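Welcome, and please open your viewer.

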Amino acid sequence: MLTAAILLPLVGALAAWIVPDNRFRPLVLPAVAVPHLALTVALLAWTPPPSPQGWIALDPLGKIVLLTISILFLVCAVYAVGYLAYRRDRSSRVLCMGMLACLSAMTLVTVSQHLGLLWVAVETTTVTMAPLIYFNRNARSIEATWKYLLICSVGIALALLGLFFLAYATLVAQRDATLLLGPILASARELNPGWLHASFIFMLVGFGSKMGIAPLHSWKPDAYGEAPGLVGALLAGGLVNCAFLAILRVYQISLAAGGEYLFFQKALLVMGLLSMGLAAVFMARQADFKRMLAYSSVEHVGILAVALGLGKGALFGALFHLLNNGLTKGVLFLSSGNIHRSYNSKSTEVVRGALERLPWSAGLFLAGFIAITGSPPFSPFVSEFSIVSSAFVEGRYLVGGLFLLFLAIVFIGMALTVLPLVMGEPPADAERTGYRDRLLTVGPPLALLGLILMLGVWLPEPFRQLLRDGAALLEARP
């Protein structure tokens with residue numbers, strides 16, 4: 001089943017290439033997404049044994065990321081059918097193929113137990129997503145695409161150097177050179193600490209640039225701002241989670257190495273708080289509401305890093321927040337894409353009073369803002385509360401205080417942009433377009449909003465246990 005989950009999207013990408021008609025090609029996306037989610041649920045219920053060489057296996061951390069990706073992709077696939085009906089002025093072949101190829105690569109990331117294979121899969125997500133950012137084919141989108149490719153490719157090259165250092169550390173310890181996670185974890189305490197430190201630094205910087213953590217985030221505002229809404233949703237909720245899973249693998253090795261994880265935790269705390277603080281500054285009075293969402297992504301990447309840096313009780317919250325952030329970003333990016341299409345503008349000077357023109361999309365955008373800023377009763381409130389409460393329980397008062405301060409500044413900054421956009425006075429000279437809310441463009445983000453509302457009120461026990469199992473893999477052992 002693991003192989004089927006990887007190959008199914010590739011078969012769909014081939015079908016998208018073959019289908020000649022723009023009207024029917026987008027239907028390939030949900031036709032692949034539905035069985036992919038069904039396979040994912042089956043894999044959660046019955047996990048097959050690892051591959052004979054141990055390169056492919058699905059552990060609790062991979063399950064959480066795979067579930068998030070599969071749900072988000074299905075929602076984006078259904079949305080794409082309605083969205084592309086408005087974009088028949090250009091071919092959808094590259095978009096559909098790229099989305100499906102990226103789904104295959106993201107699935108491979110979740111099941112890779114060989115760090116070299118993991119690196120290849122993460123780099124494949126970079127390459128397959130680049131043409132999707134350029135979908136609008138204008139000067140700003142090509143600039144965003146090149147910046148994305150340049151920064152992420154340099155970052156992933158640094159991560160490769162980190163892998164080389166890790167493999168060399170096994171040679172220095174007179175072990176067989178390997179990048180298989182299991183053998184590395186078993187012999188981590190015997191590895192040379194100097195080479196391990198170098199490896200951790202390069203992999204944190206490398207995968208961190210792909211994740212978009214500050215100060216390695218500079219590709220995000222342009223890429224998120226110029227890409228179509230459904231591509232932004234996959235970037236924020238899919239690719240970011242894949243890069244974070246790579247960081248989790250490095251974190252597992254640092255734990256197995258003993259005291260080395262303290263160094264890694266401190267680096268994560270500093271970069272996480274820096275991300276939250278930077279996002280808080282740049283989000284205030286943001287003139288482009290899609291760029292605002294990019295800085296929101298920087299903030300939540302910081303939240304994940306802080307939670308991982310805190311460890312212990314915050315680990316459960318980190319893994320839960322991984323899902324919550326991905327799904328909530330889906331609501332925001334898809335609804336913002338509708339608003340952008342209706343006004344033909346992303347400027348907050350032009351887009352005002354959207355509730356009058358697009359009551360469903362504007363309402364979803366407002367609800368998404370409430371959810372992503374950690375307000376009850378939505379699930380991000382639960383995960384963020386578990387993280388910050390863990391900080392205070394562990395006596396990390398400075399970290400907890402800065403965490404709350406940045407959350408408050410972000411809430412105010414986003415509110416200053418979102419509330420006028422949704423409920424302000426519509427400008428008299430706003431461009432009138434033919435776009436209106438439709439079931440296929442409103443239903444998918446509405447379903448996501450219902451899911452994060454449900455998870456904020458009630459967390460199913462099987463998923464709660466999955467989060468516990470994932471957190472157990474990230475706990476320090478004597």
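Select Arg 137: does Arg 137 count as buried or exposed? Arg 137 counts as exposed, because its relative accessibility is 52%; here buried means under 20% relative accessible area, exposed over 50% and partly exposed in between, with a 1.4 Å probe and protein chains only.

Before you go on, note that this is a predicted model, in which local features need pLDDT of at least 70, side-chain atom pairs count only at pLDDT 80 or more, and totals for chains, interfaces and linings use all residues. Residues are numbered from 1 along each chain as its sequence is written, and side-chain values use heavy atoms, with hydrogens and water left out.

**The whole protein**

Zoom out and switch to a cartoon view. The protein has 19 helices and zero strands; helices (H or I, at least four residues) and strands (E, at least two) are DSSP runs, numbered from the N terminus. The C-alpha trace spans about 70 × 55 × 45 Å along its principal axes. Of the 478 residues, 62% count as buried.

**Two loops with a positive phi**

Return to Arg 137, in the loop between helix 5 (115-133) and helix 6 (139-172). Arg 137 is not a glycine, yet its phi is positive, about 55°. Next select Asn 344, in the loop between helix 13 (314-343) and helix 14 (354-357). Asn 344 also has a positive phi of about 55° and is not a glycine. With a relative accessible area of 43%, Asn 344 is partly exposed. Most residues other than glycine have a negative phi, and most peptide bonds are trans.

**Two cis peptide bonds**

Now select Ala 214 and Pro 215, which are joined by a cis peptide bond with omega of about 5°. Pro 215 lies in the loop between helix 8 (193-211) and helix 9 (220-226). Then move to Pro 376 and Pro 377, where the peptide bond is cis with omega near 10°. Pro 377 sits in the loop between helix 15 (359-372) and helix 16 (379-393).

**Last stop: Asp 59**

Select Asp 59, in the loop between helix 2 (28-45) and helix 3 (60-85). Asp 59 counts as buried because its relative accessibility is 13%. Show side chains: which residue's side chain makes a polar contact with the side chain of Asp 59? The partner is Arg 249, at 2.6 Å. The side chain of Asp 59 also reaches the backbone nitrogen of Gly 62 at 2.9 Å. A polar contact is a pair of N or O atoms within 3.5 Å; within protein, one must be able to donate a hydrogen and the other to accept it, and residues adjacent in sequence count only if both atoms are side-chain atoms.
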